[in-house]
Amino acid sequence: GGFLCFGGKSGGGGGGTRKERKEEKKTLLEFKKAVYMLEKDVEDFKNCTANYNTYNPLIPISSLIVGICAFIISIFWILHIILYVLPPGNPITPFLNNYFQWFDRWFPLFGVLSVALFTFYLLLCAVKGCFKFGLRFLFFTIHPMKLNGTYMSSFLFNTGLIMLCSLPVVQFCTTAFASYARYATVRQIFGTQIQYLSFFKYFWVNNVFVYALLAFALLTALYLGCKPRDTSTDSVALRDRLRSRRG
């Protein structure tokens, strides 16, 4: 095959007006989205035809189980925020903190693994949410992670995203699991030193970031409930736009 050039009328990467460059970038993102959706359709078609005899039927069942587990963890997180993090003064109930402390009484490793599970789930949500946001709204290039099909740029992007989100996740989990981690050094750092900095004190004391997290979770749930499936751009309109850019 050949390469599609996005730069016909704007004169390449740095030419053209700002509006033309913005339109060119949007067209490129729509093209990448269309390619990604087409590759998914081709893979599903092969699994139903050519790869029917070798396809593992446990894959969709495993995906369903993982989805149910993710839903349960999400509900637990929302309940824990409402019952423990948001109430002023004393929380209504320690909730997950009691669960972790109960594990520590008879097998401490399970308590640590449970905290790691809930914490790592937030990082996975950040990666998945970034990809879904880029796929739906085309604000930036999508970076899917696929088995035996992930580009190095996608690895670097998602690794950088995880590193960027690690510090906020640690801070949030320190607040959410304050009863469980009350003697940990990280609690002293985030719960005492950083929380009462002169500029950031207002945000921590009034739970601004926590309310923002709940608001985004609610809006995302409503949006995905109304539009659960990813849809590709109109292929005919996209083809005409690509031809016009090349002309």
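Trainee: Before we start, what counts as a helix here, and how are helices numbered?
Mentor: A helix is a DSSP run of H or I with at least four residues, numbered from the N terminus. Keep in mind that this is a predicted model.

Trainee: Okay. Which residues form the nonpolar patch on the surface?
Mentor: Tyr99, Trp102, Trp106, Phe107, Leu109, Phe110, Val112 and Leu113. Together they have about 790 Å² of accessible area.

Trainee: And which helices each supply at least two residues of that patch?
Mentor: Those are α3, which covers 96–106, and α4, which covers 108–137.

Trainee: Which one gives the most?
Mentor: That's α4, with four residues in the nonpolar patch.

Trainee: Let me pick one, Leu113. Where is it placed?
Mentor: Leu113 sits in helix α4.

Trainee: Why does Leu113 count as partly exposed?
Mentor: Because its relative accessibility is 46%. Partly exposed lies between the buried limit of under 20% and the exposed limit of over 50%.

Trainee: Switching topic: how many disulfides are there?
Mentor: The count comes to zero. Cys130, for one, is in no disulfide, and its nearest cysteine sulfur, in Cys165, is 8.1 Å away.

Trainee: Is Cys130 buried or exposed?
Mentor: Cys130 is buried, with a relative accessible area of 15%.

Trainee: What about Cys165, buried or exposed?
Mentor: Cys165 is buried, at 18% relative accessible area.

Key:
Residues are numbered from 1 along each chain as its sequence is written. This is a predicted model: local features need pLDDT of at least 70, side-chain atom pairs count only at pLDDT 80 or more; totals for chains, interfaces and linings use all residues. Side-chain values use heavy atoms; hydrogens and water are left out. Patches are made of residues with over 30% relative accessible area and no salt bridge: like charges are joined within 9 Å, nonpolar side chains (Val, Leu, Ile, Met, Phe, Trp, Tyr) within 5 Å. Accessible areas come from the Shrake-Rupley method with a 1.4 Å probe; for residues, only the protein chains shown count as cover. A salt bridge is a side-chain nitrogen of Lys or Arg within 4 Å of a carboxyl oxygen of Asp or Glu. Buried means under 20% relative accessible area, exposed over 50%, partly exposed in between (1.4 Å probe, protein chains only). A disulfide is a pair of cysteine sulfur atoms within 2.5 Å.
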